[in-house]
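User: I would like to go through the labels used for this model and the cut-offs behind them. Please set each value against its definition.

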Amino acid sequence: MAILNVKDYGLVGDGVTLETEALQRLINNASKGDEIVFPKGYYVTGTIALKGDLTLRLEKGAELVGSRNIEHYYDCGFYHLEMKQTVSLIYALDCDNIRITGEGKIQMSGDAFFDFDAYCPPFVDESTMTKEYAEQMVIGLVKRPTQPIFFNNCKNITIDGIKIFNSPCWTLVFSNCENILVENIYVDNHNRIGNNDGVHCTASRNIIVRNSTFLCGDDCFAATCITNENGICENMEIYDCLMSSRSAAIRFGHLYSKVRNITVRDIKIIRSNRAIAIFTGDEGCVENAHFENIISDTKIYGGWWWGKGEPIVICAKDVNGEIKNVSFKNCHFTHENPAIIVGENENVKGVSLEGCTFKAERGSTHPYFVGKMDLQPNVPDLIEPAPFEFGDSIYVDSAEVTVDGERV
């Protein structure tokens, strides 16, 4: 095992020089167990491939900077079922025992790949759209790295201590991976860039995310099987985190995904669109998800974000997938729209709420959506549910739910 200072191997760290070739050469020549250290400086790079049994350490004052030129990135060879060809800043395929650590930063330059003068469809009559509404909408994509820090078929991956900024898409992605630890990190992404999830685990297992902050345009933590429709995402613990999202702070399930054995506790969610989203599609399943000591504040944001200020959305509508055994204990929500639990043919079972509170506060930002159900992605259009008063906390349809021991 050796400590390899990047400045001893040709890297400059001046924030101008493209360091990709020198950095990749250093990684390729490193031995098992080596630690590559970035001292204070700004290291601009395009796509970098990691290998197993390696540590990257960014010291205080060190910043690994993703190039703002898309031509400096390349397809890593993994075909992603949603994002198609995978283009990353840092990736590892079929590798074990990798750690990215330190007090430094990774700057992903995500804003370089978007058009801030364009935006996605507004979802409302533009003649009524306020400036505040317009400034919350999803901005227009040009071309971007699709999975900035990407691991596939890897074991024993640790990401700790570092700060990550300005991701153009899913920030940390673990696909078909095992034994993942993410702790003491800080993720701060632009809140108008869609898909810039904080951590997205797909068809992976044995995952711990703790003591971290996620400020994201999209989901802060998501678990699906998007990269492997036959896989299972399982055995997750998420705790002691601060989260803020224009989509869902926490999301489990999507389409055919099978997700199970989840513990989420001691989480604070602020200024988010949805707090907790649990969805399934045909052949999918989410089961054994337990939430405790969640404090959450949700509000309506303008534009084509999934969600409209709900504290909880549990949705198995228009599908044959299942959601079962979901519990909330000592969770406290302030919200603009009610919690929604909706299924059909008894495909949502065993949802319980114990010692939970819901406080509805009508926001001044967007009266467009109050009282309407947003079940995206299962249902593309907003739904006018059966009438309920604004102060009602939960809208339930065809689901088995208990609140403090009494069936709803």
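Analyst: The structure holds zero disulfides, a disulfide being a pair of cysteine sulfur atoms within 2.5 Å. This is a predicted model, in which local features need pLDDT of at least 70 and side-chain atom pairs count only at pLDDT 80 or more, while totals for chains, interfaces and linings use all residues. Residues are numbered from 1 along each chain as its sequence is written, and side-chain values use heavy atoms, with hydrogens and water left out.

User: What makes Cys331 buried or exposed? And Cys356?

Analyst: Buried means under 20% relative accessible area, exposed over 50%, and partly exposed in between, with a 1.4 Å probe and protein chains only. Cys331 has 0%, so Cys331 is buried. Cys356 has 17% relative accessibility and therefore also counts as buried. Of the 408 residues of the protein, 58% count as buried.

User: How do you know whether the radius of gyration agrees with a compact globule?

Analyst: The radius is taken over C-alpha atoms, and the globule rule is 2.2 Å times the number of residues to the power 0.38. For 408 residues a compact globule would be near 22 Å; the protein has 21 Å, so the value agrees. The C-alpha atoms fill a box of roughly 70 × 45 × 35 Å along the principal axes.
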